[in-house]
Amino acid sequence: MTTPAPADGRPRLLMVMPYRQFVRKAQAEGFWVGAVWDPRLESPTYLDDVRALADLYVETDFQDPELLRRTLREVAREHRATVIYHIGREETMVTAHEVAEELHAELNPAAAIRFLADKHAMRDLLARRGLSPVSFEAAPTRREVPGAVERIGRPAVVKPAALAGSRGVFLWQEPQDRATWTALVDAYGYDGPFLVEEYLRGPEYSVETLSRDGRHQVVGITEKLLGPPPLFVEVGHVHPAPLPEDRRRAVEDLTTELLTACGYRFGPAHTEVIWTERGPRIVESQARLGGDRIPRLVELATGLDIEQAIFTALADRPVALSGATATAIVRFFTFPPGRIGEIRGLETVAGLPHVDELSLRLSPGDTVPEVRDSKSRHGHVIVSGATAEEARARSAEVLAALEVVIDGTPVRADGRIGVLGTPV
C-alpha cells in the first residue's frame, strides 16, 4: 500500500480491477483513483502500468472473498473513498458492491448487481415479472444436468452459472453429447452450478447502455456473428446492427425493462438478446461494458468514447449521445489446430488505411490452440466504413488477405483453404 494521497479536494474513487484506460479516464474527469487488483489476473507489465497511473495501488487475493472484503473496507476507510466501483470481470462484482453498500459508497444496490451477475437469479426475476419468458431449470452440480436437459427438451443450452465470458456454454443436441460436454467442463475444472435453458433460435444482438439515476440510455445495438454449435464462439460484431425500426425499439424496450426490474441505477450494461419467432428474448446481462472491443466499435461508429462517458456521468456532467454515422466491424481469427509454418499477408493487412486495429497472437513455429471460448481466439481485426456495405467489404478483404500455413496447408482467415477457396 502506498502513502495516502494529499487532501486535494478530488472525489475519491476506489476501483476494483480497473483497466489502464479506466484509471486515466477517471482521473481526466477529476477523480483520485485507487486501484485494487489480484496480480494473477493480468501480466506484471500491465499491472506495473496500472500502478504507475493510479493514485493508490493495492494487491489482494480475489479468490478469497473475505480477504477481498476486508481489504476494500480497510483501504476505503483509510483513504476516505467516496465511491467503491467495479466494472471489471463479473466474478468479484457482487462482493465489491456489497462492501460499497455497507460503507454507503455504492452506485448501485448490491441486489441489482446480484441479478445481473447470477444467471439463475436473473431468470427467476424475469419469470416473476413475466418478461422474456424462457424455459429453464437450475442444476446445482453436473450430475443434475442430463436430467434437466431431458425435462427442458433437446436441443438445450447448458450454461455454467458461475463462469463469465461464455466459457463452457454448450448446445446439448443428442444423448451422446454428454461425453463432449463432460470433457468441456472438465477442461474448466467446473462442477456447478449450471443453468439449462431452451434453445433460442434467431439472430443475436447485444445492447450497450449507460444508466444514470435509474434512467437507461441505449447507446446502440451490436449484431453478433457466431461460430457453429455446440459452442457458438463469437467470431465478430457489427455496430450498429442492421435492424428494422420496430425490432430495434422492441429490443431496446425489453433491455431497459430488465435493467429497471433489476434495480440498476448507474453505469454501463451489456445485455444480450436473441430475436426469436416469438419476439426478443433476454440471453443474459452484465453490469459492465461489452467485451470483444465493442466500445471501440461504438466510438468508430458514433464518435462516443463510452468508457470516458462513464466517468463524465459519475462527475455529474452531461453525456451527449449521437446516432451512428458509420459502421464498424470486429472479426476474430479462429484457425484450425496444427503447427504453423508461415504467416502471409500480415504486413499487407496492417498497411490498409481502413484497418483500425490488428492483432494476431500466432507466430511461425507455434502450435495453434483449439478455439473453445472467447479467450482462446487467435487475434482480431477492426475495420470501419461509411456504410454497412463498405465496412463488410473491407472486413472480407482483410480476411481473404491473411493466410496461415498450418501443417503444410494454407488456411485463410476467412476459413478458406488455399487459393481455390474450398471451405474448411
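Me: Where is the place of Arg293?
Reply: This is a predicted model, where local features need pLDDT of at least 70, side-chain atom pairs count only at pLDDT 80 or more, and totals for chains, interfaces and linings use all residues. Residues are numbered from 1 along each chain as its sequence is written, and side-chain values use heavy atoms, without hydrogens and water. Helices (H or I, at least four residues) and strands (E, at least two) are DSSP runs, numbered from the N terminus. Arg293 sits in the loop between β13 (279-286) and α10 (294-302).

Me: What is the phi of Arg293?
Reply: Most residues other than glycine have a negative phi. Arg293 is not a glycine, yet its phi is positive, about 70°.

Me: Is Asp407 buried or exposed?
Reply: Buried means under 20% relative accessible area, exposed over 50%, partly exposed in between (1.4 Å probe, protein chains only). Asp407 lies in the loop between β19 (403-406) and β20. Its relative accessible area is 53%, so Asp407 is exposed.

Me: Which residue does a cis peptide bond join to Pro229?
Reply: Most peptide bonds are trans. In this cis bond, omega is about 10°. The partner of Pro229 is Pro230.

Me: Why does the second largest pocket lie between two domains, and which are they?
Reply: A pocket is an open set of points on a 1 Å grid over the protein atoms alone, where a 1.4 Å probe fits, with protein on both sides within 12 Å along at least five of seven lines; lining residues have an atom within 4 Å of a point. Domain bounds come from an automatic or database domain assignment. Both domains give residues to the lining, so the pocket lies between domain 3 (201-315) and domain 4 (327-412).

Me: How are the rings of Tyr190 and Phe194 paired?
Reply: Rings of Phe, Tyr and Trp (its six-membered ring) pair if their centres lie within 6.5 Å; planes under 30 degrees apart count as stacked, over 60 as edge-to-face and the rest as tilted. The count comes to 10 aromatic pairs. The centres of Tyr190 and Phe194 are 5.1 Å apart and the planes stand at 90°, so the pair is edge-to-face.

Me: Which ring does the charged end of Arg372 sit over?
Reply: A charge sits over a ring if NZ of Lys or CZ of Arg is within 6 Å of the ring centre and within 35 degrees of the ring normal. For Arg372, the distance to the centre is 4.7 Å. The ring belongs to Tyr188.
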